[in-house]
Number of protein chains: 2
Amino acid sequence: MDKAQLIGLDWGTTSFRGYLIGGEGRILARIAEPQGILNVPNGDFAGAFGRLVGPWLSQHGNLPVIASGMIGSRQGWYEAPYVECPAAAAQIAGRLVAVGAPEGRQVWLVPGLSYVGKDGVPDVMRGEETQIIGCLQADAAGRRIFLLPGTHSKWVLVEGDRILRFATFMTGELFAVLRAHSILGRLMQGEAMDAAAFRRGLERASGADHGLLRSLFSVRTLGLFDRLPAAGLASYLSGLLVGSELAEARRWLAAEGGIVADTTSVVVTPTDITIVGGESLAGLYFDALTAAGLSGQLAPADAVVPGLFRIARAATLQGVTP
Amino acid sequence: MDKAQLIGLDWGTTSFRGYLIGGEGRILARIAEPQGILNVPNGDFAGAFGRLVGPWLSQHGNLPVIASGMIGSRQGWYEAPYVECPAAAAQIAGRLVAVGAPEGRQVWLVPGLSYVGKDGVPDVMRGEETQIIGCLQADAAGRRIFLLPGTHSKWVLVEGDRILRFATFMTGELFAVLRAHSILGRLMQGEAMDAAAFRRGLERASGADHGLLRSLFSVRTLGLFDRLPAAGLASYLSGLLVGSELAEARRWLAAEGGIVADTTSVVVTPTDITIVGGESLAGLYFDALTAAGLSGQLAPADAVVPGLFRIARAATLQGVTP
């Protein structure tokens, strides 16, 4: 049987995922709990760690533990300061921060990345860097684009095995607050995806003259005038926001030396955009990329695991074999 | 003493304003109460009307009553269906809807306006039409632009005394939900306006390559990296949103046959944009227009009053003299 070498944690804002990891980063066992850093009572991360990971530690002895995600933020267990881009696994591994856990153990926290854009505005990620590294081969070459959709959607430019630059778009959070707290949510009914309404939102967002502030109001008026069914309004809003993100990201990529040239449908160098994320959201973005004349591919599930394994190996954490 | 001719009500979502109106639209007395349609218990508008306006009715006898704003919406007292643009005071006056009030009285509800844009998307206003009409002379000529900032900011193109076209931008509501419910609000401190931070938001929004979804995240990162003080973050967000509205509105005006030509700072035909709104918000937009190389002027206060008076006169409501 494959011997456990590492315990890897993907500990984010709302969820906790633990992996017992064997040789070459194979997953031997896993835990998933809604124990994100916001849900740990009194910020007792050491206690939560003991409850969640204790059984593995008892069973497998002195395994090293590495954790990525918001657990390493100021709001988490302990802050692991951002590493500036460009950065590969080696740079990240050199900046792990150890925090003391019960019974004399240590948990190694993976730092997030920062990048100051050409416009002088800083950007940050925490957790996504590990997923991306998990998607890269050690001998990776050439430029690639990664897309990590979510609350704060990230577009990331990678060269070889280095994360060069990235940008964040508030797409997911904007959708959530508008649905829950704005007048737009009042007419919406149901949770089901309406593919035609989503497409319609995408199409509107791709129109050059349709800014987002005005398009948002169309969610209300198309509902009021019965031009979209109430059950399709959330999907239409989603399409508007995802389509706007695509248009903005293409301009950002063009400005930052990326591969996709401009806001039209012309891709100068044919390329795949690798989408890293949960199935339904990744599928939505895959469709949106296709509709925009771009091509996407889905990253393997649990990309964080080979990422944690590679960083741990680069840090030569005890027990993790090359 | 000037004899009262009309009672005019500006009855919106969150506030109620009543005016006792004399010859030529002069204001003889006024009431302001936080009795917007959302704050009237059980939707008992007749009861609220009696409490608020009863004293004037007792004192001045059988005055006609006219009301504009959300009171005439589906969520209000009774729905006065939208009148399609283009529309002047005469068209609006021809579509007043009477609703029965206590003691055999009637209240005349002013309909809102609708406009289907060149992109096929409908837009609506309710209340703003009366304010605009209050700003127009009967012999008005030429094209003018009105800007009514607020929760749902309106840009309105007027020709002579007719409201031709308009567009709505969700600027104010987006600001409110982002501040109250998103991660952006968490770092913000204080309510005071920070003019420099507002200007910085405006400047960023005017950059062609800076889309809103990415710019929004800069509110967080500029705060995190201490590049903007916590006390300036709300003003910066406000500048970002107002600046984005300006850029979108200029594109809209160019597309809809307006006067301001494009997204650069060039104004093809020199013109004033008339800003209708409360002092602090109107002042903010005035500054934003100036910063964008446009010129604004503030509409007179209580523009709704001459608007209600003109519509009542056009409808030849009993007692309102020409």
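Biologist: At what angle do helix α3 (residues 128-135) of chain A and α10(A) pack?

Modeller: This is a predicted model, in which local features need pLDDT of at least 70 and side-chain atom pairs count only at pLDDT 80 or more, while totals for chains, interfaces and linings use all residues. Residues are numbered from 1 along each chain as its sequence is written, chains are lettered from A and ligands numbered from 1 in the order in which they are written, and side-chain values use heavy atoms, with hydrogens and water left out. Helices (H or I, at least four residues) and strands (E, at least two) are DSSP runs numbered from the N terminus, and axes are lines fitted to C-alpha atoms, for helices over the stretch in contact, with angles running from 0 to 180 degrees between N-to-C directions. On that basis, the axes of α3(A) and α10(A) lie 6 Å apart and the helices pack at an angle of about 90°.

Biologist: Are α3(A) and α10(A) parallel or perpendicular to each other?

Modeller: Angles under 35 degrees count as roughly parallel, over 145 as roughly antiparallel, 65 to 115 as roughly perpendicular and the rest as oblique. Contact (heavy atoms within 4.5 Å) involves Thr130(A), Gln131(A), Ile133(A) and Gly134(A) of α3(A), and residues of α10(A) including Leu308(A) and Ile311(A). The two helices are therefore roughly perpendicular.

Biologist: How many residues of chain B are in contact with chain A?

Modeller: Together the two chains bury about 4300 Å², 65% of it on carbon and sulfur atoms, where buried area is the accessible area (1.4 Å probe) that two parts lose on being put together, summed over both. On the chain A side, 48 residues take part, and the number for chain B is 48.

Biologist: How many salt bridges are there between chain B and chain A?

Modeller: A salt bridge is a side-chain nitrogen of Lys or Arg within 4 Å of a carboxyl oxygen of Asp or Glu. One such pair joins Arg204(A) and Asp119(B), at 2.9 Å from N to O. Over all chains the count comes to 20, and between chain B and chain A it is six.

Biologist: Which element gives the most residues to the side of chain B that touches chain A?

Modeller: Elements giving two or more residues to that side include β12 (162-169), α4 (171-181), α7 (212-224) and α8 (233-255) of chain B. With nine residues, the one that gives the most is α7(B).

Biologist: At what angle do α8 (residues 233-255) of chain A and α7(B) cross?

Modeller: The contact is made by residues including Leu241(A) and Trp252(A) of α8(A), together with Leu212(B), Leu213(B) and Arg214(B) of α7(B). Taking Ala, Val, Leu, Ile, Met, Phe, Trp, Tyr, Cys and Pro as nonpolar, Asp, Glu, Lys and Arg as charged, and the others, Gly among them, as polar, this contact has four nonpolar, one polar and three charged residues. The axes come within 8 Å and cross at roughly 80°.
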